[in-house]
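Biologist: I have this one open on my screen and would like to go through it with you. Could you take me around it, starting wherever you like?

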Amino acid sequence: MTDSLTAFAAEKLDQLETRSLRRRLVPTDRLDGLWVERGGRRLLSFSCNDYLNLSHHPAVKAAAMAAVERYGAGAGASRLVTGDHPVFGELEARLAALKGKQAACVFGSGYLANAGIIPTVMGPGDLILADELAHACIWSGAQLSGATVLAFRHNDMADLAQKLAAQRGAAARCLIATDGVFSMDGDLAPLDAVSSLARANDAWLLVDDAHGLGVVGPGGAGAGSVYPTAHIDLSMGTFSKALGGYGAYVCASAPVIDLIKTRARTFVYTTGLPPANAAAALAALDVIADDPDLVAGPLANARRFTRALNLPEATSAVVPIMIGEADRALAVAQVLESAGFLAVAIRPPTVPAGTARLRLAFTAGHTARDIDGLMSAIVGLVP
Ligand SMILES: Cc1ncc(COP(=O)(O)O)c(C=O)c1O
């Protein structure tokens with residue numbers, strides 16, 4: 001006999017399957033920063049966030065391996081207990097300097113970072129305004145905080161201004177939260193305008209720059225560096241995209257970071273990131289600092305693609321190809337896979353209903369031939 005939980009799950013899955021929204025894991029062997037093996041076939045990936053192919057960079061791997069030898073495979077405990085290996089302090093100092101802030105805090109992941117930072121500084125009686133396309137973990141953090149949470153229309157400063165005018169007065173504190181580079185659309189938030197509105201309305205600004213670090217701005221310093229006049233109170237990002245590893249950070253003033261290290265539940269009540277991940281991130285930051293040509297690669301490659309296909313010019317490594325319905329997006333991705341390209345379909349609820357897409361991620365390692373090959377395979381498949 002089927003128990004009620006199992007029956008519930010099976011029915012939910014059936015409903016999702018009918019709408020082409022069920023998700024399945026596909027074992028994937030990433031052979032290097034570009035090629036993957038799936039089902040015994042080699043595919044050229046345009047779906048990894050490994051924009052600089054650093055996940056397989058010899059110096060990054062060597063740093064991780066040396067750290068495993070020295071510190072072991074895991075942190076051993078929360079960083080507030082015995083897990084604060086010296087490599088974390090080194091990485092935090094490095095990140096704070098990069099972002100021009102007094103201090104930084106490293107988290108286990110980007111999701112944990114936003115889920116912990118936002119409830120640390122916001123609570124009931126406060127107001128959070130987030131871009132409607134902000135990453136899921138910003139929404140999770142906002143909901144966990146107990147503050148009033150409102151979405152403003154994507155990159156629409158008039159809508160943000162109107163919502164601030166209507167709602168700011170009633171709230172004790174106010175936080176504006178946005179991605180720096182939007183993960184599924186690849187466009188940048190107009191951080192200068194967002195920051196001006198934040199300052200004019202006594203609001204704090206959190207920017208999640210997971211997809212900006214290592215790719216946009218001078219030296220790959222991130223979306224904030226594209227808008228040098230923007231004042232970002234909480235400058236958050238991850239090691240999981242261009243840095244090729246895992247983990248995340250937030251940079252801010254020293255008291256804010258001390259408060260986060262004292263109170264953020266996803267920092268206090270969780271085991272520290274394995275120290276090898278921090279060592280890998282440090283090595284990746286070295287590569288980024290030493291190799292401006294590598295850093296320029298993803299955007300140049302994305303632009304080669306958008307220019308050739310007459311798409312809006314890429315502003316980051318991410319280029320969406322809008323398809324519409326989920327089943328059609330899955331079918332297009334399948335055709336591309338048969339042609340040797342991995343371009344995974346992104347479906348709701350990751351993106352709004354009716355905007356299923358291929359989300360292409362260009363990396364420094366893609367050659368002109370790779371990009372032209374993808375173009376030939378895509379032309380004719382999409383509207
Ligand atoms: C904008 C953005 N923020 C945060 C995250 C979460 O980071 P992590 O994968 O380290 O949890 C992601 C993607 O995963 C992202 O795209």
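**Charged pairs, ligand and strands**

Modeller: Arginine 79 counts as buried at 10% relative accessibility, where buried means under 20% relative accessible area, exposed means over 50% and partly exposed lies in between, with a 1.4 Å probe and protein chains only. Please keep in mind that this is a predicted model, in which local features need pLDDT of at least 70 and side-chain atom pairs count only at pLDDT 80 or more, while totals for chains, interfaces and linings use all residues. Residues are numbered from 1 along each chain as its sequence is written, and side-chain values use heavy atoms, with hydrogens and water left out.

Biologist: Where is arginine 79 found?

Modeller: Arginine 79 is in the loop between helix H2 (58-71) and H3; helices (H or I, at least four residues) and strands (E, at least two) are DSSP runs, numbered from the N terminus. The side chain of arginine 79 reaches the backbone oxygen of valine 106 at 3.3 Å.

Biologist: Ok, salt bridges then. How many does the structure hold?

Modeller: The structure holds 16 of them, a salt bridge being a side-chain nitrogen of Lys or Arg within 4 Å of a carboxyl oxygen of Asp or Glu. In general, side chains of opposite charge can pair when their charged atoms come close. One of these bridges joins arginine 153 and aspartate 159 at 4.0 Å, N to O, and in that pair arginine 153 is partly exposed at 47% relative accessibility, whereas aspartate 159 is buried at 5%. Elsewhere, salt bridges that share partners link Arg79, Asp84, Glu92 and Lys261 into one network.

Biologist: What is the N to O distance between glutamate 92 and lysine 261?

Modeller: Their side chains meet in a salt bridge at 2.8 Å, N to O. Glutamate 92 lies in helix H3 (residues 86-99) and lysine 261 in helix H9 (residues 254-263), so the pair ties together parts that are 169 residues apart in sequence. Glutamate 92 is buried, with a relative accessible area of 6%.

Biologist: And arginine 22 with glutamate 17, what do their side chains do?

Modeller: They also meet in a salt bridge, at 4.0 Å, N to O. Arginine 22 is partly exposed with a relative accessible area of 28%, and glutamate 17 is partly exposed with 38%.

Biologist: Switching to the ligand: how many residues surround it, and which are the closest?

Modeller: There are 13 residues around the ligand, and the closest are Gly110, Tyr111, Asp208, His211 and Lys241; a residue is near a molecule or strand if one of its heavy atoms lies within 4 Å of it. By class, this shell has three nonpolar, seven polar and three charged residues.

Biologist: Which atoms lie 3.0 Å apart at tyrosine 111?

Modeller: A backbone N or O atom of tyrosine 111 and an oxygen atom of the ligand are 3.0 Å apart. At aspartate 208, an N or O atom of the side chain is 2.6 Å from a nitrogen atom of the ligand, and at serine 240 a polar side-chain atom lies 3.3 Å from an oxygen atom of the ligand. Taken alone, the ligand exposes 380 Å², and the protein buries 86% of that, with accessible areas coming from the Shrake-Rupley method with a 1.4 Å probe.

Biologist: Now strand E9, how many of its residues are buried?

Modeller: Five of the five residues of strand E9 (residues 234-238) are buried, so the strand is largely enclosed by the rest of the structure. Both of its faces are covered, with Leu234, Met236 and Thr238 buried on one side and Ser235 and Gly237 buried on the other.

Biologist: Is its pairing with E8 parallel or antiparallel?

Modeller: Strand E8 (residues 204-208) and E9 pair in the parallel sense over three bridges, two strands being paired if DSSP finds at least two bridges between them. Aspartate 208 stands opposite methionine 236 in E9. With strand E10 (residues 248-252), E9 runs antiparallel over four bridges, and threonine 238 stands opposite alanine 248 in E10.

Biologist: Last one: what order does the open sheet of three strands have?

Modeller: The order is E11-E14-E13, with antiparallel pairing. Strand E11 (318-324) and strand E13 (345-346) stand at the edges with a single partner strand each, so one side of each is left without a neighbour in the sheet. E11 and strand E14 (residues 356-361) pair in the antiparallel sense over six bridges, and proline 320 stands opposite arginine 359 in E14.

Methods
A polar contact is a pair of N or O atoms within 3.5 Å; within protein, one must be able to donate a hydrogen and the other to accept it, and residues adjacent in sequence count only if both atoms are side-chain atoms. Ala, Val, Leu, Ile, Met, Phe, Trp, Tyr, Cys and Pro count as nonpolar, Asp, Glu, Lys and Arg as charged, and the others, Gly among them, as polar.
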